[in-house]
Protein chains: 2
Amino acid sequence: MSSTGSPIRILVVDDHPLLREGLRAMIDGQTDMTLIAEAEDGEHALQAFREHRPDITLMDVRMPTMGGIDAITAIRAEFPAARIIVLTTYEGDAQALRAIKAGASGYLLKNMLRKELVETIRSVHAGRRRISADIASEMAEHMADDELTARERDVLSQVAAGNANKEVAARLGISEETVKTHMKNVLTKLGAKDRTHAVVVALKRGIIDI
Amino acid sequence: MSSTGSPIRILVVDDHPLLREGLRAMIDGQTDMTLIAEAEDGEHALQAFREHRPDITLMDVRMPTMGGIDAITAIRAEFPAARIIVLTTYEGDAQALRAIKAGASGYLLKNMLRKELVETIRSVHAGRRRISADIASEMAEHMADDELTARERDVLSQVAAGNANKEVAARLGISEETVKTHMKNVLTKLGAKDRTHAVVVALKRGIIDI
DNA sequence: TTCGGACTCCCCCAAAAGGGGGAGCGTAGA
DNA sequence: TCTACGCTCCCCCTTTTGGGGGAGTCCGAA
């Protein structure tokens, strides 16, 4: 865009070497951007951020050792002005919401076009926020819904692992009646027809992981 | 490797532009390989194969319009000697098994190193087969298990959608008793504790999709 | 042709899940 | 302070699930 001024200094964080290579090629093709560092997980991302202080960080969410959400939280705790764009495959609206709450300024899907990515980088660098249309509309769909509480997610995760209410109760150190109460709330909140459906919906929406 | 002889002609099929760019960069860096075409889904892959007759096809499995497995089947039906390497994120052992049954000569995960990819390309070009160690060991784990039958997968997919046995029976036009029989078999074959667990296991292993 | 396997249907019965209700308790905000 | 909310527990009752058994048909491979 502007051929004058210093380029946007970018840090790329992704555990896929091939994707990093693709991003490098794309960034190299822009006169107003430069790739200054790469990291392959959240821990290295934090180190790289401290060392290089990038203008923009492109971050995947699914990575070994330390995931993207934790990395965003850690970076923003230390550098509140950090501008981070999440770049991921589809992970559900809840995942995106977590990223944004953690301080991400953008959320893009990996199947987007180059054009959209470079525009988002410039946009976020200028202080704006950018969320992929697909994700934004799905997040909007669930705006009105109550989110699951921490305990409800605990219970649902246990259920996803194949535990009966009695077993979940034993594992969490609560009564079976309490587990049933939580599951009733989960079914209502997720609009699920039964516990199996609830698990599937929660997986789709990125509320729980397996 | 060999600086003499004609280069290995490669077709890349993936719906992620960034990943295609990364592959292009990697292939361009090898003296004995050349990227001759790209496609973004299964249908275009078949067209591109007809037109270019690549030595090696690198193919993702998850794509819009026509998935990778169908594309492999279609290409191998027309060109039985086609050498296809699947390149994907982790999708479970059942997915890998389907790809191999469809005629893939290799199965790699996207988080592998460049070195492994170029070695696999040369290896497959020389007529060998190569499966990622992680996938191979997981496939081995389930060698002894009976696979689910088509009908069992149908039933399980309906269950994953939140249908009770009675509803599944109505949808598939069979009796509830038959659905229960299928579910009993599914639980046994997958080693699942209940239907919810069965759905989770099947999703993890790539036996059903959501 | 015979055999195996997929698919279908049936019985019985115990256990689990789900839907309705109510209620106490602690803590963090308004 | 009072209120809202998350977490906990309890009751009652119906429906669904799961585990055990058996058995018929049909199709394709040996």
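Colleague: How many residues of the surface near DNA strand D are nonpolar, polar and charged?

Modeller: They divide into 3 nonpolar, 6 polar and 7 charged residues. Ala, Val, Leu, Ile, Met, Phe, Trp, Tyr, Cys and Pro count as nonpolar, Asp, Glu, Lys and Arg as charged, and the others, Gly among them, as polar. This is a predicted model, in which local features need pLDDT of at least 70 and side-chain atom pairs count only at pLDDT 80 or more, while totals for chains, interfaces and linings use all residues. Residues are numbered from 1 along each chain as its sequence is written, chains are lettered from A and ligands numbered from 1 in the order in which they are written, and side-chain values use heavy atoms, with hydrogens and water left out.

Colleague: What makes the pair formed by Lys180(B) and a base oxygen of DNA strand D a polar contact?

Modeller: A polar contact is a pair of N or O atoms within 3.5 Å; within protein, one must be able to donate a hydrogen and the other to accept it, and residues adjacent in sequence count only if both atoms are side-chain atoms. A polar side-chain atom of Lys180(B) lies 2.9 Å from the base oxygen, so the pair meets the distance limit. For Thr181(A), the distance to a base nitrogen of DNA strand D is 3.1 Å.

Colleague: Why is His16(A) called buried?

Modeller: Buried means under 20% relative accessible area, exposed over 50%, and partly exposed in between (1.4 Å probe, protein chains only). The value for His16(A) is 11%, and therefore His16(A) counts as buried. Leaving aside residues up to four places away in sequence, His16(A) touches Lys110(A), Thr89(B), Lys110(B) and Asn111(B), where contact means heavy atoms within 4.5 Å.

Colleague: Why is helix H10 of chain B described as largely enclosed?

Modeller: Of its 10 residues, 195-204, 8 are buried, so the rest of the structure largely encloses this helix. Helices (H or I, at least four residues) and strands (E, at least two) are DSSP runs, numbered from the N terminus. The buried residues of H10(B) include His197(B) and Leu203(B). Among the elements that cover them is helix H7 (150-160) of chain A.
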